[in-house]
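Hi,

Here is the structure I said I'd pass along. Have a look, and my notes follow below.

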Amino acid sequence: MRMPLFRGMKRWGVLLPVLLLSSLLLAACGENSPSILNPAGPVALKESNLFWFILVVATIVFVVVEGLLLYSIVRFRERPNSTQPTQIHGNTTVEIIWTIVPSIFLFVVLVGTIYTMFGLTSFSSTGRPLQVRVVGHQWWWEFDYLNENFVTADEMHIPVGTRVEAQLQSNNVIHSFWVPELFGKTDVIPGHNNMSVFQADRIGEYRAQCTEFCGLQHAHMNFYVVVQSQDDYNAWVTSQQQAAASNPAGQAALAGRTLFVGSGGCQGCHGIVGVNLQDYHHLKGGSDASILVGPNLTHFGSRRQIAGGVLPWDPASCVVVTGSDGQPKIENPGSCGLYQWLKDPQAVKPGNDMNIRPLSDTEIAQLIAYLESLT
Ligand code: CUA
């Protein structure tokens, strides 16, 4: 009797192209996605080196084990008139070998992992470390520049080649702080402040994402890390430290400012330095600004995302014009993310904290004109 060794060949002929095609399709999903295998700083580099190291060890194990398996299948297959082979069940020597050999491989991986873990935060940097308090909210990120004295959201700027110490805090649920090209994941836990230390060695923008399920809009909790030259970073810091202009240019923007502090109801949740905040950390009148639930908007006009990355923010697609009734309106509301947000924030991001009264198109245009002026 012949063993049907090649009976499955036809099936593989179909299965293999299907697998290859589907992997091509899935690979397309990764376009523009940040990869841990494209490290832009020393922490990510050490982590990706560990990945490659483990991959090499795993590949050696795979090739040797599968090679022996295939060799045995072919070499010792049943032939006509073959006799019963020697049975080795319960062979102590063999069992000791296949216990010790995998243990050695696992130990090698363990040593590599521990070596990487303890070496992650030791890298050389220039200048003094940048300390940023990173607060995970439901669902957006707040960045509090402790020594520079300003607060921003959805966008973290850092100078290239500088050690960053991110103090991770949450007052709600567990989030996780992750910039794949810069460092691995660290949980942001209420009542237990964690720290993430990293550095970026390449100027650029790095997409980041909350990576711990934190409620309905967990997937919509991303941000950007903008890595700049020291000079560009210093200029950005100086601009962020300025208070907002007390009288924005233009009738529409002025009306928007009036709405912000008045019937729009915005200032109950959002802060603008020079308007309802005396500085980034204090409401006008002296109390703590951290009771505000929404992002600080002092320099909203210079950011590029709205509401944890749900919508892009580009003033060029939100042009305020004067309508036939003499009132301001948005030229093309369909392409203006901020218009959609102010029209119905709950439709854009269900469950978020922004519960506002319905705003008219004129009011929305006025608010957008004002927010655009906050560069
Ligand atoms: Cu925050 Cu997921």
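Eight helices and 16 strands make up the secondary structure of the protein. Keep in mind that this is a predicted model.

On overall shape, the radius of gyration is 29 Å, whereas a compact globule of 375 residues would come out near 21 Å. The C-alpha trace spans about 100 × 50 × 35 Å along its principal axes. Buried residues account for 39% of the 375. Among contacts with a separation of 6 or more, 63% are between residues 24 or more positions apart. The accessible surface is about 21,000 Å², and carbon and sulfur atoms contribute 62% of that.

Now the charges. I count 22 positive and 28 negative side chains, with the centres of the two sets 13 Å apart. There are six salt bridges in the structure. One of them pairs Glu-205 with Arg-304 at 2.5 Å, N to O. Glu-205 sits in strand β9 and Arg-304 in the loop between β12 and β13, so this pair ties together parts that are 99 residues apart in sequence. Glu-205 is partly exposed at 43% relative accessible area, and Arg-304 is partly exposed too, at 29%.

Another salt bridge links Asp-361 and Lys-343, with the closest N and O atoms 2.9 Å apart. Asp-361 belongs to helix α8 and Lys-343 to helix α6, so the bridge connects parts 18 residues apart in sequence.

Glu-363 also forms a salt bridge, with Arg-357. Here Glu-363 counts as buried at 16% relative accessibility, while Arg-357 is partly exposed at 33%. Finally, salt bridges with shared partners join Glu-155, Glu-205 and Arg-304 into one network.

Cheers

How values were computed
Residues numbered from 1 in each chain as written. Predicted model: local features only at pLDDT ≥ 70, side-chain atom pairs only at ≥ 80, totals over all residues. Heavy atoms only, no water. Helix = DSSP H or I, 4+ residues; strand = E, 2+ residues; numbered from the N terminus. Rg over C-alpha atoms; globule rule 2.2 N^0.38 Å. Buried < 20%, exposed > 50% of the residue type's maximum accessible area, 1.4 Å probe, protein only. Contact = heavy atoms within 4.5 Å. Areas by Shrake-Rupley, 256 points an atom, 1.4 Å probe, with all protein chains shown as cover. Lys, Arg positive; Asp, Glu negative; His and termini not counted. Charge placed at Lys NZ, Arg CZ, Asp CG, Glu CD. Salt bridge = Lys/Arg side-chain N within 4 Å of Asp/Glu carboxyl O.
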